[in-house]
Amino acid sequence: MKPSTVKIKRMPSRFKHQVPKYKVTRSAACINCGTCAKSCIYGVHERLEGHNKMSVPIDYKCIGFECENNDFYCVKKCPRGALSISLNPMYETLGDYRWTADMITGTWIMAETGYPPERTDLEYNTGNSGGGFDKLRLKFPKGHSKIDKFEISTEIPLNRRNDGRANIVISTPVYGGGMSFGSVSLPTMVSKAHNATLWNTFTCTGEGGYPDLLLPYSDHVITQVATGLFGVREETIQRVKIVEFKYAQGAKPGLGGHLLGEKNTESVAKMREAVKGTSLFSPFPFHSVYSIEDHKKHIDWIKEINPNALVSVKVSTPNDVDMVAVGSYYAGAHIIHIDGGYGGTGAAPDIAKKNIAMPIEYAIAKVHNFLKDEGARDAVTLIASGGIRTAHDLVKAICLGADGAVIGTAEMVSLECVRCGNCESGRGCARGIASTDSELADLFNEEWATQRLTNMYHAWNVQLVEILQKFGMRSVRELVGRTDLLEHIDYSK
Amino acid sequence: MIMDNVEKITQSRAEICSQVPPLNMNTEEEGGCGVTGFICSIPVTGKNIFEPSAQMHNRGNGKGGGIGAVGFVPEAMGVSRQVLQDDYMLHIALLDGSVCTEIEDTFIKPFFKIDKSEKLATLNDHRSIGLDVRPPDVMRYFVRVKDDVLDKFIAANKFESMDRRDAEDEFVYQNSFKINTHYYASLGDKKAFVMSHGRNMMILKIVGYAENVVKYYKLDDFKAHAWLAHQRYPTRGRVWHPGGCHPFSALNEALVHNGDFANYQAVNEYLKQRNYFPLFLTDTEEAALLLDLWSRVYKYPLEYLIEAMAPTSEMDFDMLPKDKQELYKAIQTHHVNASPDGPWFFIIARNDVKNDQFQLIGITDTAMLRPQVFALQEGEVQIGLICSEKQAIDATLISLEREDPRFGPIADKYWNARGGSYTDGGSFIFSLKDTANGKELICTDKFGNVIKTPKGKVACDVAKRITVTPEFKPIEDKITALFAVSDYSATAGKIYDYVKDNIAGFNPDTLRFCIETIKGHAGKNDDCKQTVISALTLLNDHRFNTGSIKRSSLQHVLKLALDDIFDASPAITEITNSRFSRINFASREKLRAPKNNERVLIIDAEHFEPEGDLCDAVMIVKAFQLGWKRFIVYKYRGQRFTGCGFGPSTKEVRIDIYGASGDYIASGIDGMEIYIHGNAQDQLCQIMKEGKLVVYGDVGQTFMYGAKGGTAFIMGNAAGRPLINAVGKPRVVINGTALDYLAESFMAGDPLNGGGFVILNGIGFDDADGSICEYDSPYPGSNIFSLASGGAIYVRDPHRKLVDEQLNGGEFIEITDADWNLIEPYLKENEKLFAITIERLLTVDGNKKAPQEVYRKIRPLKAAAVKKDDDGLEE
């Protein structure tokens with residue numbers, strides 16, 4: 001359920017024309033009678049007061065051919081036959097196999113409306129990658145569920161160690177991944193944190209310091225301690241409830257962090273206390289940690305600085321990720337965060353994204369089962385990330401054994417990222433998300449972005465609750481490890 | 001076909017290797033661990049490996065511990081000296097007691113002449129010492145191979161060309177291999193395995209902490225010349241037998257290992273090609289097998305073996321003499337694919353039967369990724385020590401001193417090895433040989449250079465009563481006179497000067513009397529006490545000629561005096577008008593805000609935990625929150641995190657640290673000052689923001705990693721990777737040198753414009769007279785200032801020893817007046833702290849030079865991207 005702080009409000013696109021699936025063509029035969037504007041309930045057509053002519057159709061709002069059975073279908077309604085609908089050739093250029101155009105469009109609709117799309121022409125729950133979550137389906141039981149939606153809890157606890165540290169419960173089993181100031185703009189960071197606060201969940205600073213604008217949201221911010229230690233100070237560790245060690249990223253394991261000189265602007269350099277305009281590298285290991293007992297010492301250190309905080313350990317998914325996870329548990333971590341190979345923005349090299357880490361769906365099950373065999377599963381929270389794109393991915397990850405998920409790209413898409421993959425080049429993002437350029441970073445404000453994120457989280461939560469209801473479950477915690485509720489489409493009977 | 005002996009040995013194993021079942025290729029996962037070892041000129045008891053092991057609990061997790069021992073006393077073994085020297089000591093761990101007879105009947109009695117066999121004595125109940133898993137019963141057999149058996153073995157394998165003893169060694173190796181294959185590797189439920197089978201040595205291991213081996217097998221009073229212990233940290237939770245624990249052995253050695261190989265599979269292949277089949281699935285076993293292959297089968301001298309383990313590379317290789325380069329190139333060509341890759345550090349205790357000596361060897365990997373400390377104490381008895389942490393060395397020495405007062409609690413020399421280097425080869429070897437005067441310990445590096453401590457100096461016997469003679473009167477009078485003042489501000493300095501200037505004429509009794517007399521004044525009032533503390537601390541910290549007395553012994557005498565003074569301070573439970581209040585582990589709950597005149601909280605750290613809620617560092621933070629600002633912490637034994645957790649803005653705080661301080665000190669500090677009166681350990685000053693750290697000794701690994709600012713003064717050396725990824729404005733003086741990778745990815749702006757820098761002096765102190773001497777090179781490492789984009793290094797390099805090859809992205813330039821004006825105040829402070837004068841630093845070969853002739857500057861090559869100050873899109 002959504003916390004009372006969450007308010008859903010329509011928050012339309014920043015752009016009049018998104019990349020639409022359909023092209024609505026108005027021919028010269030149009031007499032500007034306005035019939036279409038009156039009939040279309042989606043607002044594709046506008047007949048603005050005081051204008052001589054109809055506005056250009058707002059294509060992206062059109063639901064396409066499935067409309068033809070409706071009474072209000074504009075093509076049929078038009079007295080002059082001036083309207084026609086076709087597939088928009090530009091749509092094919094949007095997205096990729098993992099993040100299909102439909103999935104991006106679906107996420108945009110969620111961010112705009114706060115609910116999953118009602119149209120049925122978008123396959124937004126799964127992508128077209130030919131593997132991973134895209135090959136898994138949920139097996140719903142037949143018949144009607146007796147569970148009332150309002151009874152269903154989506155809360156999960158993050159501290160299961162019973163060690164006297166903060167007992168943190170988040171309202172929805174999702175939180176925002178670490179994206180540093182430098183890799184993304186300040187409004188992006190602040191809106192992520194604001195949304196996390198509204199949703200009673202978390203977001204993470206990434207490795208680029210803790211901007212003061214995040215201070216009001218400190219109870220819902222995770223301070224990341226990564227290998228470059230950029231911007232990490234005692235007070236940034238002390239002011240938060242969770243500290244995350246980033247050992248590696250699934251998108252680029254063994255490659256460390258990397259911010260190219262162009263994005264290292266005055267303000268970024270100041271925050272990191274580095275030299276402006278130079279490329280900033282985070283080493284691939286922690287040079288203070290070359291073994292498990294160093295790792296324990298490292299965790300002990302953070303626990304000494306902040307006696308109340310939980311410690312999350314983010315690792316990528318090498319072959320022995322199960323051992324790494326259990327080692328982290330014994331070293332005192334509260335949260336094991338495994339980051340699989342599907343994630344990553346444009347800044348991670350393709351060769352790394354596509355080839356290094358283990359697919360997250362294998363890793364989750366491997367770690368979950370290993371922790372169970374060790375008798376440690378109940379004492380640690382397992383969080384998965386790296387390619388969790390949709391509410392369905394989230395549910396699949398939980399069925400495989402995770403307690404919850406961390407998302408990155410889905411949040412960016414809510415802010416109208418088009419997955420162009422140019423995050424690292426020049427001054428960054430054409431859409432002002434992954435940029436610290438003073439002009440680009442002004443392309444949207446925090447209020448707009450926060451609402452978009454809140455809406456998207458809400459839509460996911462709505463979907464999650466619906467799924468739990470269908471499964472007859474009262475809590476998302478019942479879903480953990482239920483691989484029996486999944487089927488692989490290549491092998492299902 | 002003519003085969004050499006190596007081929008014959010390898011071939012002879014074809015049959016037994018073919019019987020090894022297919023094994024899981026996954027290694028047992030474990031990370032680093034705690035390792036410790038020492039070797040003494042006299043046999044010492046197992047008690048002494050107990051303390052350092054217990055100190056390194058936090059380097060293991062109680063799921064695996066082991067000890068190795070070499071060089072026993074025949075009487076304690078119940079055998080003759082001859083049998084002890086000549087027989088193999090077969091130690092078989094029985095995980096399932098029922099196979100004992102079968103093993104004896106099948107693998108022992110038919111082949112061996114048994115001179116003695118026994119079951120090792122144990123405690124009755126393993127749970128009484130907190131062990132969850134019952135350690136295996138261990139059978140010990142003193143054996144020689146029967147003549148006829150050996151004859152047949154030699155004939156069958158055409159071993160006639162080799163030494164008969166070598167053939168016997170190989171028989172023992174193969175026989176144990178068969179036992180391990182049969183009762184261990186081929187079974188789901190392991191039943192038994194050979195722990196060790198070398199001569200005059202043994203290995204014991206359990207599922208538990210290493211020190212419990214000593215307790216369980218009742219080794220407290222059991223004596224050996226060399227001891228080795230390992231705390232294991234397997235990441236798997238449930239372990240039911242100690243098969244995978246360290247030490248590992250192939251024949252006459254015990255090897256422990258901290259780290260893990262990245263190339264386990266490659267080494268595995270290499271070994272299999274030579275008919276060595278690892279059976280225990282850990283990289284440590286591989287290391288032991290490599291050692292055996294290279295030393296026993298290939299008969300490489302130790303130097304070659306070390307080169308094969310840790311190849312010399314980069315500039316270090318170029319610095320080698322030509323003939324060494326050729327030799328090493330040949331070794332590397334043949335064996336580099338078996339050189340362990342990744343972080344590792346080995347300690348090996350071995351019975352070097354060929355050369356009739358016992359040895360303790362430490363080898364570090366080329367990149368020095370694991371912590372390591374070596375130490376040496378000489379005198380009436382000698383001891384060499386190798387550990388993961390210095391505090392474990394100190395714990396060993398303290399324990400030994402209790403057993404035999406000829407040992408002192410402080411070593412004469414502590415140092416690190418520089419992995420794969422041309423300077424020391426990354427390895428040191430302590431060899432214990434028989435001489436006319438009994439056993440003598442010699443320490444050498446990989447190249448055979450001998451490491452010595454000053455000769456002809458004596459230690460004080462602190463247990464003895466001081467015999468006061470009339471000659472002591474003038475000393476007493478002088479000290480009394482120094483205290484007969486109304487203003488004490490200069491007194492400490494005068495006392496220090498007095499002792500320093502007169503110690504050359506002191507014998508142990510005079511010195512002890514002098515220090516006792518000074519100590520006596522501490523009771524008078526708080527000013528006197530502060531003066532005494534300051535004076536004794538100065539004597540401890542500074543380097544000067546200690547005359548006929550060992551510096552380590554002077555430090556011991558001072559430590560005892562200071563501990564007494566601290567101990568005598570009013571307890572926290574009392575409320576007095578004293579400036580000092582003392583708290584310890586027992587009274588920690590009584591912590592309160594300072595009252596009346598109280599200003600200094602003295603913390604007896606002895607019984608605090610090294611980390612967690614019961615760590616003294618946590619209590620210090622609470623004390624700070626209650627209003628305490630001045631702290632003295634003493635009797636440290638490796639506790640970590642001192643100064644961490646105070647939060648921002650702690651300008652008025654000062655912490656003085658005595659004893660064996662731990663890791664992560666001063667990490668994250670923002671304004672406070674920390675003085676470490678001795679060597680410091682690893683990971684100091686991580687993310688330090690502001691404040692000051694002073695270390696009267698060396699610092700360990702990754703010093704100031706990710707630091708943002710602050711100043712630090714290091715009297716001695718830094719280990720690997722100091723100031724890596726540091727940004728902002730840290731300003732550091734390192735008087736010695738660094739092992740390697742100094743200031744990698746340094747990003748500390750422009751030093752002339754508020755940014756950070758390192759001053760590297762490249763000097764050390766003469767062990768004999770405490771005078772300042774120059775190192776051969778101020779920085780022998782292959783990498784300095786690599787990939788740095790900001791900051792600078794000012795290196796004292798009058799002979800221009802540093803070369804472009806050591807840089808990767810930096811450049812040398814002459815220093816300007818502006819540079820000198822920038823660094824001079826830091827050198828002045830350095831002079832004040834350590835008595836290392838600028839005058840001396842600018843003196844080269846007896847001649848005073850200009851700063852420009854002595855110091856060089858290293859700065860980033862591409863003067864940090866010149867950019868206009870705007871973030872807009874100017875295109």
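Modeller: Gly647(B) sits in the loop that links strand 20 (630-637) to strand 21 (654-660) of chain B. Strands here are DSSP runs of E with at least two residues, helices are runs of H or I with at least four, and both are numbered from the N terminus. The model is predicted, so local features need pLDDT of at least 70 and side-chain atom pairs count only at pLDDT 80 or more, while totals for chains, interfaces and linings use all residues. Residues are numbered from 1 along each chain as its sequence is written, with chains lettered from A and ligands numbered from 1 in the order in which they are written.

Is Gly647(B) buried or exposed? Gly647(B) counts as buried because 20 C-beta neighbours lie inside 10 Å. (Buried requires 20 or more other C-beta atoms within 10 Å of a residue's own, exposed means 12 or fewer, and partly exposed is in between; C-beta atoms are placed from the backbone.) Gly668(B) is 21 residues away from Gly647(B) along the chain, and their C-alpha atoms are 7.9 Å apart.

Leaving aside residues up to four places away in sequence, Gly647(B) touches Glu234(A), Glu235(A) and Gln238(A). (Contact means that the C-beta atoms, placed from the backbone, lie within 7 Å.) Between the two chains, 58 residues of chain B are in contact with 44 residues of chain A. The chain B side of this contact consists of 20 nonpolar, 23 polar and 15 charged residues. (Ala, Val, Leu, Ile, Met, Phe, Trp, Tyr, Cys and Pro count as nonpolar, Asp, Glu, Lys and Arg as charged, and the others, Gly among them, as polar.)

Other parts of chain B are buried too. Strand 13 (residues 383-387) of chain B has 5 of its 5 residues buried, so the rest of the structure largely encloses it. One side of this strand carries Ile383(B), Leu385(B) and Cys387(B), the other Gly384(B) and Ile386(B), and both faces are covered.

Strand 13 of chain B is joined antiparallel to strand 1 (residues 34-45) of chain B by 5 bridges. (Two strands pair if DSSP finds at least two bridges between them.) Here Cys387(B) is the bridge partner of Thr36(B). Strand 12 (residues 373-377) of chain B also runs antiparallel to strand 13 of chain B, again with 5 bridges, and Val373(B) stands opposite Cys387(B). Strands 12 and 13 of chain B form a hairpin with 5 residues between them, and Gly379(B) in its turn has a positive phi of about 145°.

Helix 3 (residues 47-55) of chain B is mostly covered, with 8 of its 9 residues buried. Among the buried ones are Lys47(B), Ile49(B), Phe50(B), Glu51(B) and Gln55(B). Elsewhere in chain B, Tyr264(B), Val267(B), Asn268(B) and Leu271(B) of helix 10 meet Asp283(B), Glu286(B) and Leu289(B) of helix 11. That contact has 4 nonpolar, 1 polar and 2 charged residues.

Chain A, which supplies the partners of Gly647(B) named above, contains an open sheet of 8 strands in the order 6-15-14-13-12-9-8-7, with parallel pairing.
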